[in-house]
Amino acid sequence: MSVFITFEGCEGCGKSTQSRLLKEYLEKSGQPFFYAREPGGTEISEKIRSIILDKDNGLMVDECEALLYAAARCQLIKEKILPSLDRGEIVILDRYIHSSFAYQAYARGLGYDFVASVNKFALDNCMPTVTVFMDVPPETAFARKGGIDGADRIELAGLEFHRKVYEGYLALKEKFPDTFVSFKADGNKYQTHEKIVEYLKQNNYIK
Ligand code: TYD
């Protein structure tokens, strides 16, 4: 069985840390995997990423943004994810389609159907086996990292936007009850990591 695990959540929620800890766990336990962050993971997708996140691209319309995320994703799926799943590897992604639902569909207001239809071309039915949602509200996450630093175009969108992103994720939890699992991530990062590993083991997604 091929296993495809995605990590999701608001900025600064700890999903990058947790996805990296899981990657290290798989490395140590000798389980073959492919790991990437989105947007990115291929040379072309990284180039698209720099266009999307460029602070000078303030004129970018929401539809263009959604299409660019889908384009970066399409390249990643065809070039890396599908071959890796075919080889029987575990795929771990830091962000995937649910980010487009939370950010572009809910927070930007493009709507679920628009984002789903754009991504239909990119996805080729390649949906995650399980999505690990780090449930940390944006107020807590930004306070943790010392406020919004405006590192890129999306971060600059402000707290109200990120509040909508969070609400979007909560709605997605209802929409995908079988594959969406949330972790509060309020304790020590290693304790959270252990809880995630335990969950994934219990479901036979990893060893
Ligand atoms: P990144 O610096 O990787 O943020 P983070 O560390 O929080 O993951 O930048 C990715 C940004 O792109 C982030 O703000 C979320 C956003 N994003 C979307 O809006 N839609 C998407 O489909 C994806 C994959 C990311």
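## A residue of helix α3

L67 is partly exposed, with 46% relative accessible area. In this predicted model, L67 belongs to helix α3, which runs over residues 62-86. The C-alpha atom of L67 is separated by 6.7 Å from that of V118, although the two residues are 51 residues apart along the chain.

## Helix α7

Helix α7 consists of 17 residues, 159-175. From the first C-alpha to the last, α7 reaches 24 Å, close to the 24 Å expected at 1.5 Å a residue.

Which residues of α7 are buried? They are F161, H162, V165, Y166, G168, Y169 and L172. These residues lie on the same side of α7 because they cover an arc of only 155° around the axis. On the face turned away from this buried side, α7 carries the exposed residues E160 and E174.

The buried residues of α7 pack against both strands and helices. The strands are β1 (3-8), β4 (130-134) and β5 (180-183). The helices are α4 (97-107), α5 (112-123) and α6 (138-144).

## Aromatic pairs

The structure holds seven aromatic pairs. One of them joins F4 and Y96, with ring centres 4.9 Å apart. The planes of these two rings stand at 65°, and since an angle over 60 degrees counts as edge-to-face, the pair is edge-to-face. F4 is in strand β1, while Y96 is in the loop between β3 (90-94) and α4. Are F4 and Y96 buried or exposed? Both residues are buried.

F133 and F180 form another aromatic pair, a tilted one. The distance is 5.6 Å centre to centre, with 35° between the planes. F133 lies in strand β4 and F180 in strand β5, so this pair ties together parts that are 47 residues apart in sequence. F133 counts as buried at 0% relative accessibility. F180 is also buried, with a relative accessible area of 7%.

Elsewhere, F101, Y112 and F176 are linked into a cluster by ring pairs.

## Charges over rings

Two charged side chains sit over tyrosine rings. The charged end of K23 sits over the ring of Y35, at 5.6 Å from the ring centre. The charged end of R73 sits over the ring of Y96, at 5.5 Å from the ring centre.

## Cysteines

How many disulfides does the structure have? The count comes to zero. A disulfide is a covalent bond between the sulfur atoms of two cysteines. For C13, the closest cysteine sulfur is in C10, at 6.6 Å, which is too far for a bond because the sulfur atoms of a disulfide must be within 2.5 Å. C13 counts as buried, at 2% relative accessibility.

C126 is in no disulfide either. The nearest cysteine sulfur to that of C126 belongs to C74 and is 11 Å away. C126 is buried, with a relative accessible area of 6%.

## Backbone features

Most residues other than glycine have a negative phi, and most peptide bonds are trans. The following places depart from these rules. A cis peptide bond joins E38 and P39, with omega about -10°. P39 is found in the loop between β2 (33-37) and α2 (43-53).

R95 is a residue other than glycine with a positive phi, near 80°. R95 is buried, with a relative accessible area of 12%.

D124 likewise has a positive phi, near 55°, and is not a glycine. D124 lies in the loop between α5 and β4. Is D124 buried or partly exposed? D124 is partly exposed, at 43% relative accessible area.

Terms used
Residues are numbered from 1 along each chain as its sequence is written. This is a predicted model: local features need pLDDT of at least 70, side-chain atom pairs count only at pLDDT 80 or more; totals for chains, interfaces and linings use all residues. Side-chain values use heavy atoms; hydrogens and water are left out. Helices (H or I, at least four residues) and strands (E, at least two) are DSSP runs, numbered from the N terminus. The expected span of a helix is 1.5 Å times one less than its number of residues. Buried means under 20% relative accessible area, exposed over 50%, partly exposed in between (1.4 Å probe, protein chains only). The arc is that of the directions from the helix axis to the C-beta atoms. Contact means heavy atoms within 4.5 Å. Rings of Phe, Tyr and Trp (its six-membered ring) pair if their centres lie within 6.5 Å; planes under 30 degrees apart count as stacked, over 60 as edge-to-face and the rest as tilted. A charge sits over a ring if NZ of Lys or CZ of Arg is within 6 Å of the ring centre and within 35 degrees of the ring normal.
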